[in-house]
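Hi,

Here is the structure for you to look over. My notes on its core and its disulfides follow below.

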Amino acid sequence: QVQLVESGGGAVQAGGSLRLSCAVSGYLYPSTCMGWFRQAPGKEREGVAAISSGAIRLTYYENSVKGRFTISQDNAKNTLWLQMNGLKPEDTSIYYCAAAARGETCDSNWFRVWQYNYWGQGTQVTVSS
């Protein structure tokens, strides 16, 4: 059974930085697509970034976070991170870590909720202006 636990959320001012972590328990193949999603009140959950770390490391980003957010992974420690710089008030959301079925790599559907089988409980990020 795979379990995901996020941490690192908090409240920051615009322009600040946060680093989210996702601890993975249970085994996932290194190539398994893992992603970060976010959901603001009254809005649908949206994909923020995703990564597959197989023979070729692939990363994907939602357009609004490109150049500001960086997704990374340490398979040895079963940890996923999301470094968020240049935060804006519109980044305020609950952020979720997600993992696809074992061995499934990321593809053009990386940002779709149904691509992922496992989800964490979420961590709140609040950015004030």
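**Core and disulfides**

The largest nonpolar core has 27 residues, and those with the most contacts inside it are Leu4, Met34, Trp36, Leu82 and Met84. A nonpolar core here is a set of buried Ala, Val, Leu, Ile, Met, Phe, Trp, Tyr and Cys residues joined through side-chain atoms within 4.5 Å. Buried means under 20% relative accessible area (1.4 Å probe, protein chains only). Strand 3 (18-25) is among the elements that give two or more residues to this core. The largest share, four residues, comes from strand 3. Strands are DSSP runs (E, at least two residues), numbered from the N terminus.

This is a predicted model: local features need pLDDT of at least 70, side-chain atom pairs count only at pLDDT 80 or more, and totals for chains, interfaces and linings use all residues. Residues are numbered from 1 along each chain as its sequence is written, and side-chain values use heavy atoms, with hydrogens and water left out.

A second, separate core of nine residues includes Cys33, Phe37, Ala50 and Tyr96.

Now the disulfides (cysteine sulfur pairs within 2.5 Å). There are two. Cys22 and Cys97 are bonded, with sulfur atoms 2.1 Å apart. Their link is left-handed, at -75° about the S-S bond. Cys22 sits in strand 3 and Cys97 in strand 9, 75 residues apart. Both are buried.

Cys33 is joined to Cys106, S to S 2.1 Å. The torsion about that S-S bond is about 90°, so this disulfide is right-handed. Both Cys33 and Cys106 are buried. Counting bonded cysteines along the chain, the pattern is 1-3, 2-4.

Best wishes

Conventions
Buried means under 20% relative accessible area, exposed over 50%, partly exposed in between (1.4 Å probe, protein chains only).
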